[in-house]
Amino acid sequence: MYKILRLNSSGKVVLSTINETTKRTFSSTTRNDVKVAVCGASGGIGQPLSLLLKQSPLVTQLNLFDIVNTPGVAADLGHINTSAQVKGFNGNEQMEEAVRNVDVVIIPAGVPRKPGMTRDDLFNTNASIVRDLVQAVGKNSPKALIGIISNPVNSTVPIAAETLKKLNVYDPNRLFGITTLDIVRANTFIAEAKNLDATKINVPVIGGHSGVTIIPLISQATPSVSFPQDQLTALVGRIQEAGTEVVKAKAGAGSATLSMAFAGARFAVSLCRAFKGEPGVIECAYVQSNVTEAKFFSTPVLISKNGLEKNLGVGKLSPYEEELLQKALPELKKNIQKGEDFINKN
């Protein structure tokens with residue numbers, strides 16, 4: 001018998017005991033299940049994200065791509081006794097091979113945010129990285145479900161969409177901006193404020209993935225919670241600026257890598273669950289949308305094997321949340337336009 005840490009079907013990390021019989025069944029029943037590529041696998045998000053995915057029983061092939069150090073990361077993870085087979089791909093010349101014939105692609109590649117930087121400051125570098133990676137996916141795995149982590153997500157997802165359109169392979173149901181960290185943070189901060197179990201709280205977060213575009217729907221929290229307006233305003237502000245909180249706390253040593261890896265793995269596992277045919281998989285995600293006047297907007301979505309099955313919309317907003325939405329939309333539309341303009345001008 002042996003023990004492994006893994007993500008369960010709900011995306012939670014659990015300790016599992018597996019005997020040899022279970023191990024053989026575990027290996028045979030998951031054979032050829034889901035092939036996942038992580039693009040940016042050597043970075044601060046990519047390494048812990050890949051570690052979590054290596055532990056998922058749904059993943060049988062884990063392709064790791066980055067421009068440096070990938071063979072070492074792959075060798076390290078390859079020593080872990082779980083069923084996922086790990087392959088490392090290093091350098092741009094191996095990019096297309098890394099994403100060929102995969103089912104799910106997660107993209108955390110790019111430079112991290114440093115003190116004083118906004119997500120827009122990351123744009124020029126990360127925009128071209130996302131464009132090139134998505135172009136490789138579009139050529140080699142046009143039916144893959146793609147999850148974008150690279151910031152600024154509000155702009156990089158439209159970049160990915162325009163890139164896929166140029167290849168005539170764009171399917172809006174297969175492209176997701178991963179905003180799960182906003183939900184994870186909202187759940188955590190509310191649990192702290194109310195002395196509740198953070199694993200039993202669910203707060204939808206809509207809009208985008210930076211600053212005022214992040215709109216936590218605390219009025220729709222499960223279980224129901226309420227706050228005086230001053231506390232509610234402070235809580236929403238903390239959720240919106242939580243990334244800056246981490247950047248400042250790390251004092252130049254990085255940004256939110258571990259929490260983002262956890263959130264990214266949760267979303268990636270949800271994509272794998274849906275790809276395998278599990279019904280009722282719901283996550284908030286930044287997707288092409290007609291829910292608001294913004295072309296892309298994060299809402300709870302039902303995910304299936306073919307990607308976005310149904311957009312569940314924003315639900316009933318409180319007057320305060322309506323105000324937040326109206327503040328968010330101009331900034332969000334500007335971010336989206338910036339992403340589209342980048343592809344059209346390059």
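The account below begins with the chain as a whole and then turns to the interior.

Modeller: The model is a predicted one. Its chain comes to 11 helices and 13 strands, and 56% of the 346 residues count as buried. Among contacts between residues at least 6 apart in sequence, 68% join residues at least 24 apart.

The packing of the interior comes next. In soluble globular proteins, nonpolar side chains tend to be buried together. Here the largest nonpolar core holds 66 residues, of which Val105, Ile107, Ile148, Leu175, Ile190, Ile218 and Phe297 touch the most other members. Helix H11, spanning residues 319-345, gives the largest share of this core, 9 residues. Another core, of 43 residues, lies apart from it and includes Leu145, Met260, Ala261 and Val269.

Neighbours within four places in sequence being left aside, its contacts are Ile206, Gly207, Ala285, Tyr286, Val287, Ser289, Thr292, Val314, Leu325, Leu329 and Leu332.

Helix H2, residues 46-54, is mostly covered, with 7 of its 9 residues buried. The buried residues of H2 are Gly46, Pro48, Leu49, Ser50, Leu52, Leu53 and Lys54.

The empty space can now be set beside the packing. Rolling a probe the size of a water molecule over the atoms shows where empty space is left. The model has 1 cavity of 30 Å³ or more, and the largest cavity contains about 50 Å³ of space. Val137, Ser141, Pro142, Ala144, Ile146, Leu164, Val169, Asp171 and Arg174 form its lining.

The largest pocket contains about 760 Å³ of space. Its lining is made up of 42 residues, and Pro108, Ala109, Gly110, Val111 and Pro112 are those that lie nearest its centre. Two or more lining residues come from each of strand E4 (59-66), helix H5 (123-140), helix H7 (180-194) and helix H9 (242-250). H5 gives the largest share of that lining, 5 residues. The lining of the largest pocket divides into 18 nonpolar, 18 polar and 6 charged residues.

Proline 223 is found in the loop between strand E10 (214-216) and helix H8 (229-240). Its relative accessibility is 40%, so proline 223 counts as partly exposed, the class between 20% and 50%. Leaving aside neighbours within four places in sequence, proline 223 is in contact with Lys200 and Ile201. Proline 223 and valine 203 are 20 residues apart along the chain, and their C-alpha atoms are separated by 8.9 Å.

Definitions and conventions: Residues are numbered from 1 along each chain as its sequence is written. This is a predicted model: local features need pLDDT of at least 70, side-chain atom pairs count only at pLDDT 80 or more; totals for chains, interfaces and linings use all residues. Side-chain values use heavy atoms; hydrogens and water are left out. A nonpolar core is a set of buried Ala, Val, Leu, Ile, Met, Phe, Trp, Tyr and Cys residues joined through side-chain atoms within 4.5 Å. Buried means under 20% relative accessible area, exposed over 50%, partly exposed in between (1.4 Å probe, protein chains only). Helices (H or I, at least four residues) and strands (E, at least two) are DSSP runs, numbered from the N terminus. Contact means heavy atoms within 4.5 Å. On a 1 Å grid over the protein atoms alone, a cavity is a set of points where a 1.4 Å probe fits but cannot get out, and a pocket is an open set with protein on both sides within 12 Å along at least five of seven lines; lining residues have an atom within 4 Å of a point. Grid points are joined across faces, edges and corners, and a volume is the space filled by probe spheres set on the points. Ala, Val, Leu, Ile, Met, Phe, Trp, Tyr, Cys and Pro count as nonpolar, Asp, Glu, Lys and Arg as charged, and the others, Gly among them, as polar.
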